[in-house]
Amino acid sequence: MNMFGKTTKLLVASALLAGLSTASMAAEKVYKWKLATTWGPTLSPFIDAPTKMAEMVEKMSDGRLQIRVDASNKHKSAFGILDMVKGGQYDMGHSASYYWKGKDINTMPFSTMPFGLTTPEQYAWFYHGGGMELMKKTYAKHKVLSFPGGSSGNQMGGWFRKEINTVDDLKGLKMRIPGFAGEVMAKLGLTVTNIAPGELYTSLERGTIDALEWVGPGMDINMGFHKVAPYYYTGWHEPGLDLQFLVNERAFNKLPKDLQEILVTAMRVSAYDMYIQNYHMSAEAWSKMISEYPNIKIKTFPKEVMDALKQTNKELRAEIVKGQPLLKEILDSQEAYQKKARKWTEMSDYLYLKDNL
Ligand code: CA
């Protein structure tokens with residue numbers, strides 16, 4: 001072997017070593033993040049979405065990205081998630097977009113809208129119908145990124161102490177109902193409030209509120225609402241509530257590309273897992289409801305009430321977009337998508353179910 005060959009080999013060897021050491025240094029850097037949720041530590045399946053996401057991220061990144069999940073009992077700010085992620089106290093959050101309607105009305109439709117998109121329609125809109133682009137545009141001014149965080153599916157209309165036969169029966173009731181549905185109810189004469197999940201049962205039991213909507217049988221039965229308010233109405237107001245993951249934009253941009261991809265993938269998978277977990281929980285609870293909780297009275301709002309809800313929803317929808325071009329753009333996009341997708345929903349699910357119940 002001549003000198004020339006030896007030198008080349010040495011150069012190649014040292015370049016390889018240099019390359020390897022840079023790669024191993026990058027591989028060794030560990031990112032430790034914190035995530036704040038609106039939910040309490042045992043509130044399945046909502047709390048499971050961020051918890052499973054964090055577990056997946058840690059495994060897939062071989063420990064290079066570790067995310068500590070803080071439930072609401074730890075940070076004591078169930079409705080402060082957006083502010084905490086925006087301010088950088090937390091790198092991530094898990095909550096619901098309509099909780100920020102008072103800070104920024106444009107965030108509201110990314111959760112759910114009364115008489116709006118069902119879960120499959122909304123996910124199709126998010127990932128294929130322009131929804132993600134509009135969500136990015138909306139949250140850019142808050143310097144956070146928002147991702148779908150798991151859907152509740154179609155929700156139940158809520159628990160009432162008394163039967164609702166007319167629009168007048170609604171007037172004067174104090175009800176916990178968030179989002180745009182709360183605005184609709186307020187216009188119909190109810191006093192509307194939002195209460196942190198951990199205080200819902202006590203509020204209903206003590207009469208601080210007369211009625212509430214929460215999610216569906218899988219989650220509601222565990223809360224015990226049926227013990228104090230036996231009338232359980234079917235839904236109109238949250239046909240596909242989507243939760244959300246929030247990520248501080250600067251923190252996200254500091255991650256290497258592979259960890260960004262791992263994070264985005266884990267959020268998407270855990271969101272899907274939460275949707276089916278909740279579906280399963282409701283299926284189980286519903287199947288036991290009639291035999292185990294005979295005092296629960298399942299009701300659908302009478303036509304008079306549904307017509308009033310629809311009409312009020314329409315009037316308020318026209319009012320809120322005045323002077324709000326981005327909100328109008330988002331709602332127009334959702335409604336155009338719903339019009340298109342609903343024909344297929346009817347052809348596929350509705351016509352199939354109609355003859356097979
Ligand atoms: Ca709800």
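The following legends describe close-up views of a predicted model.

Figure 1. The domain assignment of the protein divides the chain into domain 1 (27-151 + 240-280) and domain 2 (158-239 + 293-327). Their centres, taken over C-alpha atoms, are separated by 26 Å. Domain 1 contributes 28 residues to the contact, and domain 2 contributes 26 residues. Between them the two domains bury about 2,200 Å², of which 71% is on carbon and sulfur atoms. The count of salt bridges between domain 1 and domain 2 is one.

**Figure 2. The salt bridge of Glu183 and Lys101.** The side chains of Glu183 and Lys101 form a salt bridge, with an N to O distance of 2.6 Å.

Figure 3. Helix α8 comprises residues 179-187. Within this helix, Gly179, Phe180, Ala181, Gly182, Val184 and Met185 are buried. Elements that cover the buried residues of α8 include α7 (167-170), β6 (174-176), β7 (191-193) and α13. Gly189 follows α8 and has a positive phi, near 105°.

**Figure 4. The aromatic pair of Phe46 and Trp214.** A pair of aromatic rings is described by the distance of the centres and the angle of the planes. The structure contains 17 aromatic pairs. One of these joins Phe46 and Trp214 in a tilted arrangement, at 6.1 Å centre to centre and with 55° between the planes. Phe46 belongs to the loop between β1 (31-37) and α2 (48-60), and Trp214 to the loop between β8 (211-212) and α10 (217-223). The pair thus links distant parts of the chain, 168 residues apart. Both Phe46 and Trp214 are buried. Ring pairs also connect Phe46 and Trp214 with Trp39, Phe79, Tyr98, Tyr99 and Trp100 in a cluster.

Figure 5. Phe160 is located in strand β5 (residues 158-160), and Phe301 in the loop between β11 (297-299) and α13 (303-320), so the pair ties together parts that are 141 residues apart in sequence. Phe160 has a relative accessible area of 1% and is therefore buried. Phe301 likewise counts as buried, because its relative accessibility is 5%.

**Figure 6. Charged side chains over aromatic rings.** The charged end of Arg268 is placed over the ring of Tyr127, 3.7 Å from the ring centre. Lys297 lies over the face of Tyr231, at 5.6 Å from the centre of that ring.

**Figure 7. Surroundings of Gly131.** Gly131 is part of helix α6 (residues 131-140). Its relative accessibility is 0%, so Gly131 counts as buried. Leaving aside residues up to four places away in sequence, Gly131 touches Phe110, Trp125 and Phe126. Ser333 is 202 residues from Gly131 along the chain, yet the C-alpha atoms of these two residues are separated by 7.9 Å.

**Figure 8. The cis peptide bond of Ser44 and Pro45.** Most residues other than glycine have a negative phi, and most peptide bonds are trans. Ser44 and Pro45 are joined by a cis peptide bond, with omega at about 0°. Pro45 is situated in the loop between β1 and α2, and this loop also holds Phe46.

Figure 9. Asp62, although not a glycine, has a positive phi of about 55°. The residue lies in the loop between α2 and β2 (65-70). Phe115 is found in the loop between β3 (92-96) and α5 (119-128). The relative accessible area of Phe115 is 23%, so this residue is partly exposed.

Technical notes
Residues are numbered from 1 along each chain as its sequence is written. This is a predicted model: local features need pLDDT of at least 70, side-chain atom pairs count only at pLDDT 80 or more; totals for chains, interfaces and linings use all residues. Side-chain values use heavy atoms; hydrogens and water are left out. Helices (H or I, at least four residues) and strands (E, at least two) are DSSP runs, numbered from the N terminus. Buried means under 20% relative accessible area, exposed over 50%, partly exposed in between (1.4 Å probe, protein chains only). Contact means heavy atoms within 4.5 Å. Rings of Phe, Tyr and Trp (its six-membered ring) pair if their centres lie within 6.5 Å; planes under 30 degrees apart count as stacked, over 60 as edge-to-face and the rest as tilted. A charge sits over a ring if NZ of Lys or CZ of Arg is within 6 Å of the ring centre and within 35 degrees of the ring normal. Domain bounds come from an automatic or database domain assignment. Buried area is the accessible area (1.4 Å probe) that two parts lose on being put together, summed over both. A salt bridge is a side-chain nitrogen of Lys or Arg within 4 Å of a carboxyl oxygen of Asp or Glu.
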